[in-house]
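Subject: Structure for you to look through

Hello,

Here is the structure I said I would pass on. Please open it first, then read the notes below with it on the screen.

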Amino acid sequence: MEETPTGTPVGVDDPYDHVDRCNHCTDEGTCRFAFDRFTADPTFAEERRDDEYRCPVVNPDADREWDASECPNFTSTTDGKECRRCGIEERRMAHSSDRPLIEEHHLSYAGNEARSASEQSSIAERSSADHSSGQRPREDGDGGEPRDGKAPDGEDDPTDGDHEITVALCRWCHTKVHKSWARIDDDVSPDPEAIAAREQRRGREFDEASFDTAAERFGED
């Protein structure tokens, strides 16, 4: 099984078996990378331009069909809406620093920048990196999973090439994958603690959405 730079399993044998689509691939099957980041890889961008910008991974009629692992600029990251393993959905509380139920789990890494991002682990926390404390709030029955961290000195990143591939896992599945050799494609139900945390947040949503009249708030008849 593939492992993280720190030696814990990632839950898959081949990360590319769990890829939905490259982030750079448009709905029309063209390569957005060749438009937006031409100078980052001019040779690659020119090849895509000469082939009408068709993505060679999803277009069988491209000049040469590639496997995802062959593309030098392949990236596939999760939207973080639900756990890939147990299927539990994220429930975010507006204006809250509560720790997310769903976290980003790396199947492969793309250099130091991606490894640094993976240390944050939470998808939501990546978008709010200006937290002054830098500490993750802990509540709702902490899953306690290890962080996907930097490779120790002298060790290489796992993966073929330099691609970043991530999936969404709930905190509890994240722990199981790293600590007990659970697999991403296990047919499992959500952990009872995960369900309890989700229902707790759902109850708070209902409480916040409820409306009390002035008479009810002030106890008037």
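**Ser-108 and its surroundings**

The side chain of Ser-108 comes to 3.2 Å from the backbone nitrogen of Ile-165. Ser-108 belongs to strand β2, which covers residues 102–108. Is Ser-108 buried or exposed? Its relative accessible area is 1%, so Ser-108 is buried, the cut-off being under 20%. In space, the C-alpha of Ser-108 is 8.5 Å from that of Val-10, although 98 residues separate the two in sequence.

Please keep in mind that this is a predicted model. The protein chain has an average pLDDT of 77, and 68% of the residues score at least 70. Over residues 112–142 the pLDDT stays under 50, and the model has 68 contacts beyond four places in sequence for them. Residues 144–161 also stay under 50, with 55 contacts beyond four places in sequence.

**Strand β3 and Val-167**

Val-167 is found in strand β3, residues 164–170. Val-167 has 0% relative accessibility and so counts as buried. What does Val-167 touch, leaving aside its neighbours within four places in sequence? Its contacts are His-18, Thr-78, Arg-84, Glu-103, Glu-104, His-105, Leu-107 and Ile-184. Val-167 and Ile-102 are 65 residues apart in sequence, and their C-alpha atoms are 9.9 Å apart in space.

**Helix α5**

Helix α5 covers residues 171–180, and Arg-171 is found in it. Arg-171 is a charged residue in name, so its position is worth checking on the screen: at 0% relative accessibility, Arg-171 counts as buried. A polar atom of its side chain lies 3.0 Å from the backbone oxygen of Pro-100.

How many of the 10 residues of α5 are buried? Seven are, so the helix is largely enclosed by the rest of the structure. The buried residues are Arg-171, Trp-172, Cys-173, His-174, Thr-175, Val-177 and His-178. Just after α5, Trp-181 has a positive phi of about 60 degrees.

**Helix α2**

Helix α2 covers residues 42–50, and its buried residues are Phe-44, Ala-45 and Arg-48. Why do these residues line one face of the helix? Seen down the axis of α2, they fall within an arc of 95 degrees, so they line one face. An α-helix has 3.6 residues a turn, so residues three or four places apart point the same way. The buried residues of α2 pack against α1, residues 32–36. The face turned away from the buried side carries the exposed residues Thr-43 and Asp-50. Just after α2, Glu-52 takes a positive phi of about 60 degrees.

**The aromatic cluster**

Phe-44 also takes part in an aromatic cluster, together with Phe-33 and Trp-66. The structure has four aromatic pairs in total. In one of them, the ring centres of Phe-33 and Phe-44 are 5.7 Å apart and the planes are at 80 degrees, so this pair is edge-to-face. Phe-33 lies in helix α1 and Phe-44 in helix α2, so the pair ties together parts that are 11 residues apart in sequence.

In another pair, the rings of Phe-44 and Trp-66 have centres 6.3 Å apart and planes at 45 degrees, so this pair is tilted. Trp-66 lies in the loop between α2 and β1 (75–76), so its pair with Phe-44 ties together parts that are 22 residues apart in sequence.

Phe-44 counts as buried at 4% relative accessibility. Trp-66 is buried as well, with a relative accessible area of 11%.

Regards

Conventions
Residues numbered from 1 in each chain as written. Heavy atoms only, no water. Buried < 20%, exposed > 50% of the residue type's maximum accessible area, 1.4 Å probe, protein only. Helix = DSSP H or I, 4+ residues; strand = E, 2+ residues; numbered from the N terminus. Arc of directions from axis to C-beta. Contact = heavy atoms within 4.5 Å. Phe/Tyr/Trp six-rings, centres within 6.5 Å; stacked < 30°, edge-to-face > 60°. pLDDT = per-residue confidence, 0-100. Polar contact = N/O pair within 3.5 Å; in protein donor to acceptor, adjacent residues only side chain to side chain.
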